[in-house]
Amino acid sequence: MATVFVKTQDDAVFELERAVADMCTTLKNMLEDLGDEPVSEDSPIPLNNVRKAAMEHIKKWADHHKDDEPPEDEAEENRRATTISDWDKALLKDLTMRQLFDVIMAANFLDIKDLLDTACKEVAIRIKGKDLAGILSLFDITKEITMEDKKRAMRNHPWLMEGCEIIPEHKEIKEAILEEDRLAKEKADAEAEAAETST
């Protein structure tokens, strides 16, 4: 099978070289399951979690990298390094954050580990060094985040309180939560005591 056809959730059909399809572990497994069954333009493999625009970028990336040597298992510290090849930078630099996240979601669904790592590194590079206002702007978050929103986030995700003493605003939120909890406990204790004395 020299080429295979896939169809995105928005009904765009792409023809992929078999070597490109094999870079996507999800597709590779599907093709192995299909065996000799033809995958033609008339009966493409449906990719219900992938949009056309994301698939266009994935195809460009895979076409460029299809002849690369298979990567050796990288040390965790190397995978965490935020360096990207010049070619990959050029491919991703003009994407909006929404488009970049679509590529990340599609790469995750298709199980293209190298592209997933590269796209996540691009997000890290864009975030690096930005203050809260810069990050909100980057992610196009226009709703003002209130103190109640921040407290709710900390209550829902207690790990956010770990080490928050180094960030004054986080320390303030933690202290507000602890004070609310103290007052709620005092009120509950007083109500329990009042109920006990009235019986």
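Is P158 buried or exposed? P158 counts as exposed because its relative accessibility is 51%, where exposed means over 50% relative accessible area, buried means under 20% and partly exposed lies in between, computed with a 1.4 Å probe on protein chains only. P158 sits in the loop between α9 and α10. Its C-alpha atom is separated by 9.8 Å from that of K174, a residue 16 residues apart from P158 along the chain.

The structure is a predicted model, in which local features need pLDDT of at least 70 and side-chain atom pairs count only at pLDDT 80 or more, while totals for chains, interfaces and linings use all residues. Residues are numbered from 1 along each chain as its sequence is written, and side-chain values use heavy atoms, with hydrogens and water left out.

The chain contains ten helices and three strands; helices (H or I, at least four residues) and strands (E, at least two) are DSSP runs numbered from the N terminus. Read from the N terminus, the order of elements is β-β-α-α-β-α-α-α-α-α-α-α-α. Of the 199 residues in the chain, 28% are buried. A contact is defined by heavy atoms within 4.5 Å. Among contacts between residues at least 6 apart in sequence, 61% join residues at least 24 apart.

The account now turns to strand β1. This strand covers residues 3–8 and includes T8. T8 counts as buried because its relative accessibility is 2%. Leaving aside residues up to four places away in sequence, T8 touches F14, L47, V50, R51, K52 and M55. The side chain of T8 also makes a polar contact with the side chain of D10, at 2.6 Å. Such a contact is a pair of N or O atoms within 3.5 Å; within protein, one must be able to donate a hydrogen and the other to accept it, and residues adjacent in sequence count only if both atoms are side-chain atoms.

Helix α7 spans residues 113–127. Its 15 residues reach 21 Å from the first C-alpha to the last, close to the 21 Å expected at 1.5 Å a residue; the expected span is 1.5 Å times one less than the number of residues. The buried residues of α7 are L115, L116, D117, T118, A119, K121, E122, V123 and R126. After α7 comes G129, with a positive phi near 80°.

On a 1 Å grid over the protein atoms alone, a cavity is a set of points where a 1.4 Å probe fits but cannot get out, and a pocket is an open set with protein on both sides within 12 Å along at least five of seven lines; lining residues have an atom within 4 Å of a point. The second largest pocket has a volume of about 270 Å³, a volume being the space filled by probe spheres set on the grid points, which are joined across faces, edges and corners. α9 (147–156) and α10 (168–198) are the elements that give two or more residues to its lining, and α9 gives the most, with four residues.

A search of the whole structure finds one cavity of 30 Å³ or more. The largest cavity holds about 40 Å³ of space and is lined by A53, A54, H57, L95, Q99, D102 and V103. At least two residues of this lining come from each of α3 (52–65) and α6 (97–110).
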